[in-house]
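Please take a moment to look over the sequence and the structure shown below. The paragraphs that follow lead through the helices, then the sheet, and then the confidence of the model.

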Amino acid sequence: MKRPMTPRGYAALRNELMRLKAMRPEIALAIEIARGHGDLSENGDYDAAKAKSGMTEAKIRDAEARLATAEVIDPSKFGTLTRVVFGASVRIEDIDSGDQRFISIFGSEESDIEKGWISFEAPLGKALIGKEIGDIAKVVLPGGDREYEILEISVQYEETVEETTGGKP
């Protein structure tokens, strides 16, 4: 199963993978030092270093799997949008309150509600995908149904993570 991701999200995940792999020598040294402290059956430092090693290796495997299934979609290549799609930024207005907000629709790997980045798999993301300016998106939420009017659709994509891929996904 492919996971949609922007080039920024892909680069951030690659950077995280590289950071985790760079920790390996430090962790191996900590294990070696702890091993020198004597009896391994009662060696808390050894147990902690081995646990850290295991957690780091699990994170590495997870990041590698996510990168392997990534489908990189570059929203900056979309040009002018007439419909809400993955990577789009959307200004919406709550029909009941009149409150407006600006959100961007990305993959779950990049979601950050504080930045207004929501997943296309989230209820609001699902409701917005495919809509045009002037359409009403109805969102079913646990706290009650909401309706949002689409006021603007654009690509507000900025590269904020240094590319480590040499420009290749």
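Which residues in H2 meet residues in H3? In this predicted model, the residues on the H2 side are Arg24, Glu26, Ile27, Ala30, Ile31, Ala34 and Arg35, and they meet Asp45, Tyr46, Ala49, Lys50, Lys52, Ser53, Thr56, Glu57 and Ile60 in H3. Sorted by class, the contact of H2 with H3 has 7 nonpolar, 2 polar and 7 charged residues. Helix H2 covers residues 24–35, and the angle at which it packs against H3 is about 160 degrees, with the two axes 8 Å apart. Because angles over 145 degrees count as roughly antiparallel, H2 and H3 are therefore described as roughly antiparallel to each other. The crossing in which H2 passes H3 is left-handed.

Helix H3 (residues 44–68) also packs with helix H1 (residues 7–22), here at an angle of about 150 degrees and with the axes 9 Å apart. That angle makes H1 roughly antiparallel to H3. As H1 passes H3, the crossing is left-handed. On the H1 side, the residues that take part are Tyr10, Leu13, Arg14, Leu17, Leu20 and Lys21, while Thr56, Lys59, Ile60, Ala63, Glu64, Arg66 and Leu67 take part from H3. By class, this contact of H1 with H3 has 7 nonpolar, 1 polar and 5 charged residues. If you compare the two lists, you will find Thr56 and Ile60 of H3 among the residues that meet H1, and you will find Thr56 and Ile60 again among those that meet H2.

We can now turn from the helices to the strands. Strands of a sheet pair through backbone hydrogen bonds, and they may do so in a parallel or an antiparallel way. In this model there is an open sheet of 5 strands, in the order E5-E4-E3-E7-E6, and its pairing is mixed. Strand E5 (117–119) and strand E6 (136–139) are the edge strands, each of which pairs on one side only. On average, neighbouring strands of this sheet are turned by 45 degrees against each other, if direction is ignored.

E7 pairs in turn with E6, in the antiparallel sense and over 4 bridges, and Glu149 in E7 is the bridge partner of Ile136. E6 and E7 form a hairpin too, with 6 residues between them, and Gly144 in its turn has a positive phi of about 125 degrees.

How confident is the predictor in what we have followed? The protein chain has an average pLDDT of 87, and 92% of the residues score at least 70. Over residues 159–169, however, the pLDDT is below 50, and this stretch has 20 contacts in the model beyond near neighbours in sequence.

Technical notes
Residues are numbered from 1 along each chain as its sequence is written. This is a predicted model: local features need pLDDT of at least 70, side-chain atom pairs count only at pLDDT 80 or more; totals for chains, interfaces and linings use all residues. Side-chain values use heavy atoms; hydrogens and water are left out. Two strands pair if DSSP finds at least two bridges between them. Axes are lines fitted to C-alpha atoms, for helices over the stretch in contact, and angles run from 0 to 180 degrees between N-to-C directions. Angles under 35 degrees count as roughly parallel, over 145 as roughly antiparallel, 65 to 115 as roughly perpendicular and the rest as oblique. A crossing is left-handed if the near helix is turned anticlockwise from the far one by less than a right angle, and right-handed if clockwise. Contact means heavy atoms within 4.5 Å. Ala, Val, Leu, Ile, Met, Phe, Trp, Tyr, Cys and Pro count as nonpolar, Asp, Glu, Lys and Arg as charged, and the others, Gly among them, as polar. pLDDT is the predictor's confidence in each residue, from 0 to 100.
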